[in-house]
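Hi there,

Here is the structure we talked about handing over. Have a look at it first, and my notes follow below.

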Amino acid sequence: MVFTAPVLCVVLVAVLVGAVLQRLSGTGMGLVLAPTLTLVLGAATGVLVANATTTMSGLMLMYAMRANIEWRRVGLLCASALPGAFVGAVVVRSTSAAWLQVIVGSVVVLAIGVTVLADALGRMPVVKAPWVTPLAGFVGGIFNTTAGVAAPVMVVHSRLVRWDQRHFAASMQSVFAWMGFWSVVVKSAMGSAHAGVPPWWLLPVVLVTVIAGISIGTKISMNVSIERARTVAITLAGLGGLSALVRGLMAVAS
């Protein structure tokens, strides 16, 4: 992958917007990054960069929001996400670039559809079964590794267990950091990043952009509601997911 100036600009704008939305609503980085980077970098490399970026943003926001983190539930989600990461890495390793792009686009669109449906239904049923949190972590691990998108799974889980938004947003940062880290490690170890690792200099550039996005999000957080930030994230992700799906289907058909 050659990082031309236009490609680099798209990557950094997506990272900046994702970081702002992540700071405002607790989610958004993966939703915006995964489909956008899939379009400009290819599915494998795009999701890999999205995973690494989510790890960085999650760690920084986790420290800032640590007072509201519910560590017991975080532990359950993280533990069950690890086997999901291995399943996702197998899928990525055994899938062609074109079909992987179809998978990423489909997962993004499906996940967003489930999230919108959950919001439209209002109060979803309460699920207190002990398996619901580990299942959410496992599915989230698969989605995060294959498509870079775990947030919709976590949002639906939060609705089912009636997780308070403030504690949910804070707790998700450590979960996203954990999922992103292990997605990168597992895919690298299993040789699943078959499109190639991006150049080393991209990491510090992305890190600076993440810091800038979080700073901007902090400054405007008093004037932008969580609901509006989530709507923007879902809209951008939906457009990117549809574009990735169409592009992947065209590549498969050609």
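**What turned up**

The largest nonpolar core has 66 residues, and those with the most contacts inside it are Leu31, Leu33, Leu41, Leu77, Met154, Met172 and Val175. Helix H1 (residues 5–25) gives this core its largest share, 8 residues. A nonpolar core here is a set of buried Ala, Val, Leu, Ile, Met, Phe, Trp, Tyr and Cys residues joined through side-chain atoms within 4.5 Å; buried means under 20% relative accessible area, with a 1.4 Å probe and protein chains only. Helices are DSSP runs (H or I, at least four residues), numbered from the N terminus.

This is a predicted model: local features need pLDDT of at least 70, side-chain atom pairs count only at pLDDT 80 or more, and totals for chains, interfaces and linings use all residues. Residues are numbered from 1 along each chain as its sequence is written, and side-chain values use heavy atoms, leaving out hydrogens and water.

Next, the rings. The structure holds 3 aromatic pairs (ring centres within 6.5 Å, taking the six-membered ring of Trp; planes over 60 degrees apart count as edge-to-face). Trp163 and Phe168 pair edge-to-face, at 5.5 Å centre to centre and 70° between the planes. Trp163 is buried, with a relative accessible area of 7%, and Phe168 is also buried, at 2%. Elsewhere, ring pairs link Trp178, Phe181 and Trp182 into a cluster.

Happy browsing!

How values were computed
Buried < 20%, exposed > 50% of the residue type's maximum accessible area, 1.4 Å probe, protein only. Helix = DSSP H or I, 4+ residues; strand = E, 2+ residues; numbered from the N terminus. Phe/Tyr/Trp six-rings, centres within 6.5 Å; stacked < 30°, edge-to-face > 60°.
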